Amino acid sequence: MSLLSDLINLNLTDSTDKIIAEYVWIGGSGLDLRSKARTLPGLVTDPAKLPRWNYDGSSTNQAPGDDSEVILYPQAIFKDPFRRGNNILVMCDAYTPSGEPIPTNKRFNAAKIFSHADVVAEEPWYGIEQEYTLLQKDVHWPLGWPVGGFPGPQGPYYCGTGADKAFGRDIVDAHYKACLYAGVNISGINGEVMPGQWEYQVGPTVGIAAGDQVWISRYILERITEIAGVVLSFDPKPIKGDWNGAGAHTNYSTKSMRNDGGIDVIKKAIEKLGLRHKLHIAAYGEGNERRLTGRHETADINTFSWGVANRGASVRVGRDTEQAGKGYFEDRRPASNMDPYVVTSMIAETTIMWKP
C-alpha cells in the first residue's frame, strides 16, 4: 500500500508540463455530482481557455439513449487538493449539442440574473451555511450513533469536543483545509446540534461565484467521505423525531444594505421575500417540509416571519445589523440539499429586480 500511496502522490511537475483536469458537473437528480478527468498540455487558469467536453447523458438521466451526448462548458477553475501540483478541478454546466442548457442546468439562468445591470450594481454578497450529516456506510445511520439505537439527547454536541460528542472531526478538518487549498472561500466549520452533523460556511462570495464555490465544496466533501468510507447526506431531516434537521442558511447583503441607512433597504427586501414566500419555498430544496416545522430552530413552512436575533423566524436580522443600521440578513428557509445557483439568484431577483 505504501507504493500505491507514493504513486498517488507523485508530483507531476518534476517530469512533465502536462496537467490533469477533473471536470465536475451536476447529474440528473439535481444533487448528484459527477466527474471525469482528462490530460491537458499545460497549466490553465482561465476557464474560457479550457476545451469543452462531452459525456453520456443517458447514464446520468439527462438525455435519451438514442441522442445521449451532453456538452460540458467549463465555468470555474479550482486547484485540485487530491492530485495537487498544477492539477485542477473544473466546475462545469451542461448543454445540448445545439447549445441549449439542459433542464438540470440551473447555473445558466442564475448567470443571467447575476449579469443584469441592476444586480451587478448592487454587488450581492452571500455567506452560505452548509449543514450535512455523516452516515455509517453499511447501515446509513449517523456516524457515532449505536447501530439501531440512539445517543443521548441533543445538548452537548453543538460545537462539542470529545469522543462521545464529536464524530467525524478528521473528515471535517480535512475538508476545511482542502477547500482552502482549492481556492474556495470557506470561512469556518462547527459541529451541529444533532450528533454526526456538521456545518461549514462558504463566503462572503459575490454573485454566481457563490454557487460555483458551494458546489465544488460539496464535491470535495464527497470525495473525502469516499476516501474515509463514510456516506455523506444532505437530507434536510435525516432522522425523524426530536432531532435537528439540516439547512443551508443563506446570509445576504447588497451594496445598498451595507451602506448607511441600509436597514431600511433590508426591511423592504424582507417584505418582498414575504410576498413571494411560496415561490421561494418551492425552490428551496426537496423534503424541506420535514424540516420546517416550527420546531428545532425553524419557522413553519407555511408562514413567513422575520425578527431580530430570532432563529425561529424565516428570516433573521442580526443584532449587529440592527445596532449599526446596516449590514445583512439571513434567510433560514433553504434546505441543506438546495441548489445554490437557484437560491442565490432567486434572492437577488426578488430583492433587486422584482417590482411588486
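What follows is a short exchange on a predicted model.

Reader: Why is Asp235 called partly exposed?

Author: Its relative accessibility is 26%. Buried means under 20%, and exposed means over 50%. The value for Asp235 lies in between, so Asp235 counts as partly exposed.

Reader: Where is the place of Asp235?

Author: Asp235 sits in the loop between strand 9 (230-233) and strand 10 (248-253).

Reader: What makes the pairing of the side chains of Asp235 and Arg290 a polar contact?

Author: The distance is 3.0 Å. A polar contact needs a pair of N or O atoms within 3.5 Å, one able to donate a hydrogen and the other to accept it. The two side chains therefore make a polar contact.

Reader: Which backbone nitrogen lies 2.8 Å from a polar atom of the Asp235 side chain?

Author: That of Lys237.

Reader: Which residues is Asp235 in contact with, leaving aside neighbours within four places in sequence?

Author: Ala246, Arg290 and Ser336. Contact here means heavy atoms within 4.5 Å.

Reader: How far is Asp235 from Leu10, C-alpha to C-alpha?

Author: They are separated by 37 Å, and lie 225 residues apart along the chain. Leu10 is in the loop between helix 1 (2-8) and strand 1 (19-26). Leu3, Leu7 and Leu10 form a nonpolar surface patch, with about 310 Å² of accessible area together.

Reader: How do you know where the feature "domain: GS catalytic" is placed?

Author: From UniProt, in an unreviewed entry, which gives residues 106-356. Over that stretch the chain is 37% helix and 19% strand. Its end C-alpha atoms are 24 Å apart.

Key
Residues are numbered from 1 along each chain as its sequence is written. This is a predicted model: local features need pLDDT of at least 70, side-chain atom pairs count only at pLDDT 80 or more; totals for chains, interfaces and linings use all residues. Side-chain values use heavy atoms; hydrogens and water are left out. Helices (H or I, at least four residues) and strands (E, at least two) are DSSP runs, numbered from the N terminus. Buried means under 20% relative accessible area, exposed over 50%, partly exposed in between (1.4 Å probe, protein chains only). Patches are made of residues with over 30% relative accessible area and no salt bridge: like charges are joined within 9 Å, nonpolar side chains (Val, Leu, Ile, Met, Phe, Trp, Tyr) within 5 Å. Accessible areas come from the Shrake-Rupley method with a 1.4 Å probe; for residues, only the protein chains shown count as cover. A salt bridge is a side-chain nitrogen of Lys or Arg within 4 Å of a carboxyl oxygen of Asp or Glu. UniProt positions are given in the numbering used here, feature names are shortened, and annotations may be inferred rather than shown by experiment.
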